[in-house]
Amino acid sequence: MIRDILTYPNPILRKKSQDVVKFNEELHTLLDDMYETMLHYNGVGLAAIQVGLPLNVLIINLPNDEDVQEKSNLIEAINPKITHKDGIQIFTEGCLSVPGFNEDVKRAQHIIVEYFDRFGNAKTMEAEDFLAVAWQHEMEHLSGHLFIENLSIIKRKKFEKEWKRKLKEESKKA
Ligand code: CO
């Protein structure tokens with residue numbers, strides 16, 4: 001089932017997510033719905049809080065070299081923790097909760113992350129480049145933050161101005 005995605009400045013997006021304790025059918029339905037929702041809105045990652053649930057659950061599905069999002073590459077992460085970060089990279093990010101806005105963000109280039117799969121099996125993953133960006137972006141959602149909070153004051157002001165104009169235009173249409 002496709003779920004609604006919360007968008008900025010919805011205050012629920014600022015909630016800190018909690019660890020999952022039961023790896024049950026409810027969790028599996030949430031993960032399946034998040035996958036369907038992410039593809040429907042053409043995203044490459046989604047955190048549970050973006051569909052309104054403050055749970056430490058995220059998915060990532062980056063396109064391959066042919067620009068295809070293969071389901072075999074889908075990452076489902078429960079209660080993830082970044083245990084190592086190094087290096088610096090700047091990447092132009094976007095977010096389904098801030099639709100239509102992209103901006104450069106500075107992140108670690110290489111990370112190691114520990115998490116559980118949908119069945120509660122412990123996993124470790126090493127990621128760099130775009131995949132490391134996606135992990136850090138989604139992890140930020142779980143702590144109640146959005147990528148726009150990383151922007152410089154000038155860029156943030158520019159964003160707020162553009163966003164207000166966009167919301168105003170949308171309310172006129174409605
Ligand atoms: Co996002």
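The structure is a predicted model, in which local features need pLDDT of at least 70, side-chain atom pairs count only at pLDDT 80 or more, and totals for chains, interfaces and linings use all residues. Residues are numbered from 1 along each chain as its sequence is written, and side-chain values use heavy atoms, with hydrogens and water left out. Helices (H or I, at least four residues) and strands (E, at least two) are DSSP runs that are numbered from the N terminus.

**Strand pairing**

- Strand E3, residues 75-86, pairs with strand E6, residues 110-116, in the antiparallel sense over six bridges, where pairing requires that DSSP finds at least two bridges between two strands.
- Within this part of the structure, Lys-85 stands opposite Ile-111 in E6.
- E6 also runs antiparallel to E7, to which seven bridges join it, and here Glu-114 stands opposite Thr-124 in E7.
- E6 and E7 form a hairpin with five residues between them, and Gly-120 in the turn has a positive phi of about 90°.
- As background to such pairings, in a regular strand the side chains alternate between the two faces of the sheet.

**Salt bridges**

- Counting a salt bridge wherever a side-chain nitrogen of Lys or Arg lies within 4 Å of a carboxyl oxygen of Asp or Glu, the model has eight salt bridges.
- One of them joins the side chains of Arg-3 and Asp-33 at 2.8 Å, N to O; Arg-3 lies in the segment before H1 and Asp-33 in helix H1, so this pair ties together parts that are 30 residues apart in sequence.
- Asp-33 is buried, with a relative accessible area of 7%, given that buried means under 20% relative accessible area, exposed over 50% and partly exposed in between, with a 1.4 Å probe and protein chains only.
- Arg-107 and Glu-93 meet through their side chains in another salt bridge of 2.8 Å, N to O; because Arg-107 lies in strand E5 (residues 103-107) and Glu-93 in strand E4 (residues 89-93), the pair ties together parts that are 14 residues apart in sequence.
- Arg-107 also forms a salt bridge with Glu-140, the closest N and O atoms being 3.1 Å apart; Glu-140 lies in helix H2 (residues 129-142) and Arg-107 in strand E5, so parts that are 33 residues apart in sequence are tied together.
- Both Arg-107 and Glu-93 are buried, and Glu-140 is buried as well.
- Asp-32, Glu-76 and Arg-118 are linked in a network of salt bridges.

- A cis peptide bond, with omega of about 5°, joins Tyr-8 and Pro-9, and Pro-9 lies in the segment before helix H1 (25-40).
- Asn-42 has a positive phi of about 60° although it is not a glycine; this residue lies in the loop between H1 and strand E1 (45-47) and is exposed, with a relative accessible area of 67%.
- Asp-67, likewise not a glycine, has a positive phi of about 65°; Asp-67 lies in the loop between strand E2 (57-60) and E3 and counts as exposed at 62% relative accessibility.

**Negative surface patch**

- Asp-86, Glu-126, Glu-128 and Asp-129 form a negative surface patch, a term for residues with over 30% relative accessible area and no salt bridge, like charges being joined within 9 Å and nonpolar side chains (Val, Leu, Ile, Met, Phe, Trp, Tyr) within 5 Å.
- Glu-126 lies in strand E7, residues 122-128, and is exposed, with a relative accessible area of 56%.

Definitions and conventions
Areas by Shrake-Rupley, 256 points an atom, 1.4 Å probe, with all protein chains shown as cover. Lys, Arg positive; Asp, Glu negative; His and termini not counted. Charge placed at Lys NZ, Arg CZ, Asp CG, Glu CD.
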